[in-house]
Amino acid sequence: AYTPRVARLVHTTALRVRGDGVVEAMRVQGESWPRIHLGYVGMAVVRPVAADLGSRLTDAMYLVASANFLGFGPGPNSPDWAVAIARNGPGLLVQPWAVLAPAAMIVLFLIGTNLLGDDIAHRHALRSGLNGRAALR
């Protein structure tokens, strides 16, 4: 469902990077098409796409957890964090950790995957030798 939005993000970012003077300088120096577009432009697109994928993962996890919490997902005995929150909700005042622990696991999973994706994209940009402006786009 999100494919057109992701394609638009990749296209816009690639057009912005392609308009840099670096791409023109690479063309003048005689660099090949794959080196320019896959090597430089493609590597500059990695970081914004990784950040976007992190936010889309958060949206997807929120949607799945909400559906499971409302009972539209797996059965009540399935090992799912949202199912555990829904099943233990009535005992929140008696044993709050039965609800807070699965909720914390969802939050920590999403924060961890977003930080990991950002770190991978940052390391990838540093390794590929992109300048600061192109790496931050």
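## Burial and Asp52

A residue is called buried when its relative accessible area is under 20%, exposed when over 50%, and partly exposed in between, using a 1.4 Å probe and protein chains only. Asp52 has a relative accessible area of 15%, so Asp52 is buried. Asp52 sits in helix 3; helices here are DSSP runs of H or I with at least four residues, numbered from the N terminus. Leaving aside neighbours within four places in sequence, Asp52 is in contact (heavy atoms within 4.5 Å) with Val6 and Leu9.

A quick word on the ground rules: this is a predicted model, in which local features need pLDDT of at least 70 and side-chain atom pairs count only at pLDDT 80 or more, while totals for chains, interfaces and linings use all residues. Residues are numbered from 1 along each chain as its sequence is written, and side-chain values use heavy atoms, with hydrogens and water left out.

## The nonpolar cores

A nonpolar core is a set of buried Ala, Val, Leu, Ile, Met, Phe, Trp, Tyr and Cys residues joined through side-chain atoms within 4.5 Å. The largest one has seven residues: Val17, Val23, Met26, Ile36, Tyr40, Val41 and Ala44. Helix 2 (21–28) and helix 3 (33–69) are the elements that give two or more residues to this core, and helix 3 supplies the largest share, four residues.

Let's look at one member of that core. Not counting residues up to four places away in sequence, Ile36 touches Val23, Met26, Arg27, Glu31 and Val41. A second, separate core has six residues, including Ala65, Ala82, Val99 and Ile106.

## Helix 2 against helix 3

The axes of helix 2 and helix 3 come within 10 Å and cross at roughly 155 degrees (axes are lines fitted to C-alpha atoms, for helices over the stretch in contact, with angles from 0 to 180 degrees between N-to-C directions). Angles over 145 degrees count as roughly antiparallel, and therefore helix 2 and helix 3 are roughly antiparallel to each other. On the helix 2 side, Val22, Val23, Met26 and Arg27 make the contact, and they meet Arg35, Ile36, His37, Tyr40 and Val41 of helix 3.

## Helix 3 against helix 4

Further along, helix 3 also meets helix 4 (residues 81–88): their axes come within 8 Å and cross at roughly 40 degrees. Met61, Ala65, Asn68 and Phe69 of helix 3 pack with Trp81, Ala82, Val83, Ile85 and Ala86 of helix 4.

How values were computed: Parallel < 35°, antiparallel > 145°, perpendicular 65-115°, else oblique.
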